[in-house]
Amino acid sequence: MSPIGLLLATALSVCVAGALAGIVVPSPRVPALSAWAGSLASVLLLLAGGWILLEGQSFRADLWAIYGWGTLTLSLDRLSAFFLFVAGLVMLAVSIFSAGYLKRYVGRYSLKALNAWYLLLLASVALILVANDVLLFLAAWEAMTILSYLLVNFEHRREESSRAGYLLLAMSEAGFMAGVLALLFLSVHAGSMGFSALRAAGLDLGPLARWTVFLLTFFGFGVKAGLVPLNSWLPRAHPVAPGNISVALSGVIVNLGIYGIARVNLDLLPIASVLPGLIVLLFGTLSALLGVLYANIEHDLKALLAHHTVEQMGIVFIGLGAGIVFVAAGFPVLASVAFLASLYHMANHSFFKGLLFLSAASVDAAVGAKNIDRLGGLIKRMPWTALFFLVGAVALVALPPFNGFVSEWLIIQSLLRSAELSFVGAVAAKIVFILAGAGLALATALALSCFVKAFAMTFLGMGRSEDVRGAREASRTMVVGMGILALLCLLFGVLPTYVIPLLDGAIQPLTGASAVGALVPAFFASNPAHDTVPTGIAEGFPQLGAQIGQSFLPGRGLVVLHPGGTGNPVVFAMSTSYMVLVLVGLLLLTYVLVRVVLTRGRKSTRRRRWDGGVRSLRPEMTYTATGFSNPVKVIFEAVFRPTTVQDTREMAAEHFRSAILRERVTVHVVDRWFVQPVKGAAMRVANRLAAMHHGRINAYAAYVLVAMLLVIAVGFAIETAGGP
Amino acid sequence: MIPYIVFNLMQVVVVLLCAPLASGVLSRMKEIVQSKQGPSIFQPYRDLWKLFHKDEIVSEESSWIFRFTPYVVFATPIMVTLLIPVLTNYPLFFAFMGDMIAGGFILSLGGFFSTLAAIDTANPYGPMGASRTRMVGFLSEPVFMIVFFTVSFVAGSTIPYIVQEKWVTPLVFFVTPSHVLLMLAFLMLILAEGGRIPVDNPTGHFELAMIDESKSLEYSGRGFALIKWGGHMKFFVLMCIFLNVLLTPWGLAADQTLGAVLLAVPKVLLKVFIFLVVIVVIESQLSKLRLFRIAEFLGAAFVTSVAAVIAQVF
């Protein structure tokens, strides 16, 4: 057995063994068991994925043949390996975090069940990523969906959990059906269930079939990634799950949606026309905008983060769509850049969203409240949690030098490269790119507003409720779990030139072109001829600082740079590695100059804040999150359309009103325009069909007879026509 | 390599020293237009000097965010100065560290922290200013992006040193519809981001009407000095991008000699002065908009920029 096979087999066995052991271990010990088993399995998966990414040699193994279905096969190519690597990293942090976090459930809910579902979910994620045939892939996918349902509905005594769980199950199964249809259609065409046979047989499919497969898989697997308009379940289901499970859902499971779409549409049946790419781009932009808009008016910390998942996945889709357009238009290198940016962002999202959800869980565990209007001032009581939340927020809103900035900057650059498109009708495509770019910019800026609100209202200022005053810092394992993800956010941000070559290995087989040369010129090449740096740049650049560190750092360089032609030798360039050095240097220099030289001996005293002249400023009188996000609410009122249910008036006397309570309800625009009409239509059909159920036995017997005759007739017709 | 480092540092020094002067000239000219005498053009320097020599008072509720923010607000415009052409028309030592988009993100790092610090004080007016600044921020971001698209379509690059020559070679390009519209859109952006009338009134003293100013109400002493200086520099850097990259890329040093670079300083200051006169005219002609009318102002900027990019695409 190859080492990779051994790693995978051990990881899966650890998961199963851990799940079984949880049944016999006493409840208070289950969190530790869960943490150990989860960490061990994650590390093994991480090693397997990392090995393939570095070595580049795909792993393949045939399991056993099932009569009539073909052989079950496993394969770990670099695309799956990258997803596995990211999943392993996130799950490692989550598992460590769980050790401290799960203690709050002891005696309230069954930890044995949670442990089993959690470890089996990890196993099913690994199986989805290594499956190399339709049967195993779909079976693992279904297992993953059901386990997510069980985990979301873990706190089953709360009604909102159950409702969200059912919604998740319904929408995921609908999407799953679409995926099943597409994959079975491809298998029937190929006459085999193996992915390699599907890949070979896909070449001679007509445009209609290709469109069908694209639409079915894009929207089918898109459900898992929270693609608008199939996102209504996500902001409801992710927040009600236990804190560590929310991370697994928002950091790992959503990626599987991207994986499903990428596996089918980029690998098995590569898209070769522009229009699907533009569709992906458009829906990505819509997801990004709607996700962030609803995040802005949301005041439940975890629901806010879940809305941001929709937004961030939209940004990933924007990169994917741009890549598909570039492939179809014959720019394989640019396509590689766009796909790379998109997957980079997906990985980054896993890290910073994982970090944010963990910090939110930590706040929830310490305070017992998630509504940010009731929080505040936690930075003094929970300094580590606050710092980690801040890191996650800065990364998510794409501020340098953290990881979100790098990937979002790359996605923006690949959108800007639409300048090179030159096919018939390219003008229309360019305008779609421009609008996507503007949408992305608006989404990013709104995300910044939203995280100013989320961080500041939770951690800064005065505590706005009694609960806050008793809060204590999270336990050590929880801090370590968050710390791992915070470190990843920083490393993936300041070392992009080491991440890009790794990712390129996963992208290259899809587009047939490498993006390394187009993104990371070999400034550190010891060869003076600079074999891969264009001469125009090689001559001018020694004057600049791009080669600092050449003598002692490995790799190609620290600058992300896209070389161009004669008029524009450099198309875009950026280096977070040097940026962070300069920023830290500047901050230190300013600090020393100001503190030591300029204002030495000046005192700094702490006094009460200026309260604008009122007698005493109480916490309830300060600005709330609701007030902070009001401009968004007012400006985008056309989207939100809030409705006033009723005004409750408090009367002190007959004509003296002392207070009015105004409740405004906002129904999500997707629910309003998509989900409710679909639900209404389904209910109408069901009501019609209900007329058949009138309770007369004779009629039911007749139905059975008619149905049987129909089946026989159809079977006979197929038989005579010489069908399958 | 050494001259490139020196010139790059000279850019920083010019921005550091001249940014308060630009603000002083602007307010003095505005006062003169209003038939008042106004403070000396060196008043901003005196203010900074005074603030650096005062003790600091910090709100009890505030955390390290509040004390850390002035340094970020001060450092981020300097970082952008390293990336853009202030004095030379050839790239300098740190030019590879970021393009115009990265520069925008670096500036918003400072903005992010200053909004956080405003809420950190638990002062009732801070969060109000923070919320309003963010409103202006998220409305202007799409316009920035469209400007970058236009620039990228024209120059095939987002590196400011490469972009600057493309708009005026040949000179006829200066009056192409897309360039004219783009300049208009970017001018509106500078007014919004710099907190000038009609979006915000930097000389207002009424807390309920403040946007940018109310974020720093709790600052005093050296913290306030750094925030003020950072604000002057941010405005100056935005003007440099507008004047040296998009509008009038003339007067910059072309030779790698100290003399040429020194000679560029008065030329750039002259351009800034002329631009300040334009701003004074605009500020004196218009009144401050009501808060939610700002959306219309920036909406107009957005439409202008979209027209610019469409004129470029076709």
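Predicted model: local features only at pLDDT ≥ 70, side-chain atom pairs only at ≥ 80, totals over all residues.
A residue is taken as buried if 20 or more other C-beta atoms lie within 10 Å of its own. Helix H12 of chain A covers residues 301-328 and reaches 41 Å from its first C-alpha to its last, close to the 40 Å expected at 1.5 Å a residue. Just after this helix, Gly330(A) adopts a positive phi of about 85 degrees.

The model as a whole scores ipTM 0.96 and pTM 0.94. For chain B, the average pLDDT is 92, and 100% of the residues score at least 70. Within chain B, mean pLDDT is lowest for helix H6 (residues 160-166), at 86, and highest for helix H3 (residues 64-83), at 95.

The largest nonpolar core comprises 376 residues, of which Cys15(A), Ala126(A), Leu355(A) and Cys489(A) touch the most other members. Helix H13 of chain A (residues 332-367) gives the most to this core, with 23 residues. Apart from its neighbours within four places in sequence, Ala126(A) contacts Leu8(A), Ala11(A), Leu12(A), Leu45(A) and Leu84(A).

Between the two chains, 76 residues of chain B are in contact with 77 residues of chain A. Elements giving two or more residues to the chain B side include strand E1 (56-59), helix H4 (100-120) and helix H8 (221-247) of chain B. Helix H5 of chain B gives the most to this side, with 19 residues. By class, the side of chain B that touches chain A has 51 nonpolar, 14 polar and 11 charged residues.

Several backbone features were also identified. Most residues other than glycine have a negative phi, and most peptide bonds are trans. In the loop between helices H15 (383-396) and H16 (403-416) of chain A lies Pro401(A), which is joined to Pro400(A) by a cis peptide bond with omega of about 0 degrees. Ala398(A), found in the loop between H15 and H16 of chain A, has a positive phi near 60 degrees. Ala398(A) counts as buried because 27 C-beta neighbours lie inside 10 Å. In chain B, the peptide bond from Ile197(B) to Pro198(B) is cis, with omega near 15 degrees; Pro198(B) is located in the loop between helices H7 (177-193) and H8 of chain B. Ser35(B), although not a glycine, has a positive phi of about 60 degrees and is placed in the loop between helices H1 (2-33) and H2 (43-52) of chain B. With 6 C-beta neighbours inside 10 Å, Ser35(B) counts as exposed.

Notes. Residues numbered from 1 in each chain as written. Chains lettered and ligands numbered in written order. pLDDT = per-residue confidence, 0-100. Helix = DSSP H or I, 4+ residues; strand = E, 2+ residues; numbered from the N terminus. Expected span 1.5 Å × (residues − 1). Core = buried A, V, L, I, M, F, W, Y, C linked by C-beta atoms within 7 Å. Buried ≥ 20, exposed ≤ 12 C-beta atoms within 10 Å, placed from the backbone. Contact = placed C-beta atoms within 7 Å. Nonpolar A, V, L, I, M, F, W, Y, C, P; charged D, E, K, R; others polar.
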